[in-house]
Amino acid sequence: MRDGKDPDMTTEFTTRITDAVVDSLDGTADPRLRELLASLTRHLHAFVRETEPTMAEWEKAVDFLTTTGQTCTDTRQEFVLLSDVLGVSMLVETINSDRDGGATESTVLGPFHMTESPARVLGADIDLAGGGEPCVVSGRVLSRDGTPLPGAVLDVWQANAEGFYDVQQPDVQPPGNGRGLFTADAEGRFWFRTCVPSPYPIPTDGPVGDLLRATGREPYRPAHIHFIASAPGHVPVTTHIFVAGSDHLDSDAVFAVKESLVQDFADTDDPALAREFGIPNPFRHARFDLVLTPERT
Ligand SMILES: [Fe+2]
């Protein structure tokens with residue numbers, strides 16, 4: 001308790017103000033919105049009562065959130081990044097993911113799904129600029145009982161071999177580099193070419209970077225490719241595949257690694273298969289299936 005205050009009176013007032021704010025929400029027409037705001041109020045007030053911020057600290061917090069908003073642009077989402085580094089994105093993802101098991105596990109959307117992925121034909125190369133280690137990513141989209149899902153749509157995005165997304169380097173990378181919207185074939189199969197992604201640091205030139213420095217945290221994410229897989233009658237899944245053996249698998253800055261999502265990008269020496277994929281032999285090959293849960297009817 002701070003100096004010069006009557007603890008009992010202060011406690012009584014701080015409790016009363018919480019009740020007053022929660023009561024003020026009674027007229028909220030949407031019951032879920034009322035529930036969310038009432039709970040937010042209680043937790044936020046409890047945090048303030050517990051930590052007793054000074055006015056200067058409170059102003060700094062307001063400045064931090066203001067700068068976070070001001071850092072957002074059409075191609076940068078600092079608030080998503082903040083949610084990611086605080087583990088909130090992973091919590092929300094996990095709470096909303098398939099709890100019965102059997103489907104591909106979900107993970108964070110991340111801040112770089114900022115632009116629509118261009119539709120591409122199966123087998124296309126999403127590494128438009130070249131220069132990275134060529135690889136093939138292939139597999140099937142399946143329902144949980146193993147039935148292939150023809151026409152399933154895969155939205156794919158990844159950083160280039162240097163660890164940057166196209167939107168971070170508009171003067172260096174062509175738009176849509178590392179991105180593709182693919183439609184699975186009649187047997188639910190997908191395949192495309194790309195380069196093996198690299199680990200990368202999340203952007204540290206904004207307020208989230210300040211937070212990481214202030215807390216002595218590393219900004220790195222292990223190498224990964226993002227996917228959103230969707231199919232009629234099924235719950236879409238937002239996920240990554242992580243490159244087995246990548247640095248930072250055990251220290252992801254956004255806490256998004258799940259063991260089931262780590263995949264081998266196997267060294268493959270198979271001239272016939274390389275010809276089929278139109279890629280020089282030998283090549284790296286990641287093969288995995290994406291499994292979706294049927295919607296509850
Ligand atoms: Fe990413």
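His248 is placed in the loop between β9 (237-243) and β10 (262-263), where strands (E, at least two residues) and helices (H or I, at least four) are DSSP runs numbered from the N terminus. The phi angle of His248 is near 75 degrees, a positive value in a residue other than glycine. His248 counts as partly exposed because its relative accessibility is 24%; buried means under 20% relative accessible area, exposed over 50%, and partly exposed in between, with a 1.4 Å probe and protein chains only. Phe255 also lies in the loop between β9 and β10. Its phi is near 60 degrees, again positive in a residue other than glycine. With a relative accessibility of 46%, Phe255 counts as partly exposed.

The model is predicted, so local features need pLDDT of at least 70 and side-chain atom pairs count only at pLDDT 80 or more, while totals for chains, interfaces and linings use all residues. Residues are numbered from 1 along each chain as its sequence is written, and side-chain values use heavy atoms, with hydrogens and water left out.

The chain contains 7 helices and 13 strands. Its C-alpha trace spans about 80 × 45 × 30 Å along the principal axes. Of its 297 residues, 41% count as buried. The domain assignment gives domain 1 (2-52) and domain 2 (82-294), with bounds that come from an automatic or database assignment. The centres of domain 1 and domain 2, taken over C-alpha atoms, are separated by 41 Å.

Asp166 and His234 are 68 residues apart in sequence and 30 Å apart in space, C-alpha to C-alpha. Glu218, in the loop between α6 and β6 (220-221), counts as exposed at 54% relative accessibility. From Glu218 to Gly102 the separation is 116 residues in sequence and 33 Å in space, C-alpha to C-alpha.

The largest pocket holds about 1000 Å³ of space. On a 1 Å grid over the protein atoms alone, a pocket is an open set of points with protein on both sides within 12 Å along at least five of seven lines, and lining residues have an atom within 4 Å of a point. Of the 22 lining residues, Phe47, Ala61, Phe64, Leu65 and Leu86 are the closest to the pocket centre. At least two lining residues are supplied by each of α2 (31-51), α3 (55-71), α4 (78-85) and α6 (207-214). The largest share, 8 residues, comes from α3. Domain 1 and domain 2 each contribute at least three residues to the lining. By class the lining has 15 nonpolar, 3 polar and 4 charged residues; Ala, Val, Leu, Ile, Met, Phe, Trp, Tyr, Cys and Pro count as nonpolar, Asp, Glu, Lys and Arg as charged, and the others, Gly among them, as polar.

A cis peptide bond, with omega of about -10 degrees, joins Asn281 and Pro282. Pro282 lies in the loop between α7 (271-277) and β12 (283-287).

Definitions and conventions. On a 1 Å grid over the protein atoms alone, a cavity is a set of points where a 1.4 Å probe fits but cannot get out, and a pocket is an open set with protein on both sides within 12 Å along at least five of seven lines; lining residues have an atom within 4 Å of a point. Grid points are joined across faces, edges and corners, and a volume is the space filled by probe spheres set on the points.
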